[in-house]
Amino acid sequence: MKRVYIDYNATTPVRQEVVKIMQPYYSEIYGNPSSIHIFGQESRAAIEEARWKVARALNVENSEICFNSCATEGNNYALKGLAFSNYESKGHIITSLVEHNSVLQPCRYLQRFGFDVTYLEVDQYGAIDPEALRKAIRRETFLIALMYANNEVGTIQPVEKIAQIAREHNITFFTDGVQAIGKIKLDLEKLPVDIFTLSGHKIYGPKGVGAMFIRKGSKLASLLHGGGHERAHRAGTENVQGIVGLGEAVTLSLNELDSESQRINELTQHFIHRLLGEIPRTKLNGHPLNRLPGTVNISFEGISKEDLFIQLDLHGIAASSGSACSSGSIKPSHVLKAMRVKDSDNIAHVRFSLGHYSTETEVNYVVDTIQHILENNKQSVNL
Ligand code: PLP
C-alpha cells in the first residue's frame, strides 16, 4: 500500500546528515562531559559546538542556550521555574487558550499553588489581540506565555507586538517556538523575547533532546537539582549525541530556510488550492496570511471524524486528528474550539503538515483519495 506521511508538525524523520554526525558519540566519543580528562573534554567540546550552532540560528549568545530533553520540559521549566522564583509573592501569568498542552497543563498546575492565570481568547483565526493582552496586564503580572506559531492551525502570533508590550511593562515574555524554528526567520536579538523553547524531533533531529534560550538575567528556579549542569538550569549528564544531532539539525534548517520555506509554501498553496477548489464544503482553518508554511488545517463537512480518519489510515495517509481519547473516538481540539470553528458529528477537521520530503505527487494523492473517500461516503449514506 502507498504510504504518505503528512504529519511533520507531530514529528520528523532524522536527516541522514544528522544521523551521521551523531554516530561517533555513541561508542567512540563517550566521555562524560563533566570529566576533566581528554575523554570528557571531547564530549564537552561537542556540546559547546552544538550550543554555538543553536545560538547562531537564534542570533543570541552561547551562554543563553540551555539543553534539555524536549520542549515539554522546556515549557514546564519556563513556567514553573519562573513561578517558583516568584513563589512568595505568587502573582499573575497571562497565556492563551490555544497554547500546547505542555503550557496549559503547567499553568493549571500552578493555579493549585495560588498563582493566578488569565487564558486569553483568540479570534476566528486563532490570533491573539495585543490590545486584549494589554488590558489583561495587572500590577502583579510577572509572565506572558504566548506561543510563536500554532501547531494545529499554523497561525503566527503577533510576537513583535507582544514582546513590545511585555517590555513596556517589564514583564518576562516566554514563547514556545517549537513550530516556528526551521520554518520562519528568527532573530531573538531583535525580538525582545526572554525565553524561547524548541525541540529536536520537530526539525529533523533526534527525539529526546531540546533547547531553550534564556535571556541573560532571567531568574528561574531549577526543577532538577544535582550536579549543576547547564549553568545550574538542569542537572543531569548531558545527552551528548542528542545535543550534537540537534546542533546539526538546527544548522541544516538555518542553511536551507529560504529555499525550503519557499518550496514548502508553494506546495502548500497548491495543496490548499486543490482541496478548497475541488472538494465541496471545505474550509481552511487558521490565519489566511500570517501562517506557517506547511500547516494546513481543513474542515470537511459531510463525514464524521472517525469515518474520515479510518479511511485515511486505510489509504496509508498519516495526518493528524487532534488527540484520540481513551474511548477511541476523536476529541475535539481545544484550539479549534477556542477559534469557534463550526463542529458537529458530521464535520471532520484534519491537520496536514508538509515537510522536507513532501512532494507534489504525495499531496495530489491525498486530495484524490479524500475525494474518493467523500464520494463513497455520500453513496453509502444515500443507500
Ligand atoms: N509545543 C508545541 C507547539 C508543539 O507542537 C509540541 C509538540 O507537539 C510541543 C510543545 C512539545 O514538544 P516535545 O514533543 O518536544 O515535548
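A polar contact is a pair of N or O atoms within 3.5 Å; within protein, one atom must be able to donate a hydrogen and the other to accept it, and residues adjacent in sequence count only if both atoms are side-chain atoms.

1. Basis. This is a predicted model, in which local features need pLDDT of at least 70 and side-chain atom pairs count only at pLDDT 80 or more, while totals for chains, interfaces and linings use all residues. Residues are numbered from 1 along each chain as its sequence is written, and side-chain values use heavy atoms, with hydrogens and water left out.

2. Domains. The chain is assigned domain 1 (4–12 + 257–382) and domain 2 (16–255); such bounds come from an automatic or database domain assignment. Taken over C-alpha atoms, the centres of the two domains are 28 Å apart. Domain 1 brings 29 residues to the contact and domain 2 brings 34 residues, where contact means heavy atoms within 4.5 Å.

3. Buried area. About 2600 Å² is buried between domain 1 and domain 2, with 53% of it on carbon and sulfur atoms. This is the accessible area (1.4 Å probe) that two parts lose on being put together, summed over both. On the domain 1 side, Thr12, Leu257 and Leu292 lose the most area to domain 2, together 27% of what that side buries.

4. Polar links between the domains. Between domain 1 and domain 2 there are 21 residue pairs in polar contact, both residues at pLDDT 80 or more. The elements giving two or more residues to the domain 1 side that touches domain 2 are helix 9 (257–278), strand 10 (295–301) and helix 11 (334–338); helices (H or I, at least four residues) and strands (E, at least two) are DSSP runs, numbered from the N terminus. Helix 11 gives the most to this side, with four residues.

5. Salt bridges. The rule (a side-chain nitrogen of Lys or Arg within 4 Å of a carboxyl oxygen of Asp or Glu) gives a count of 25 salt bridges. One salt bridge is found across the interface of domain 1 and domain 2. Glu230 pairs with Arg51, their closest N and O atoms being 2.9 Å apart. Glu230 lies in the loop between strand 8 (210–214) and helix 8 (240–255) and Arg51 in helix 3 (residues 38–58), so the pair ties together parts 179 residues apart in sequence.

6. Ligand. Of the 14 residues around the ligand, Thr72, Asp176, Ser199, His201 and Lys202 come nearest; a residue is near if one of its heavy atoms lies within 4 Å.
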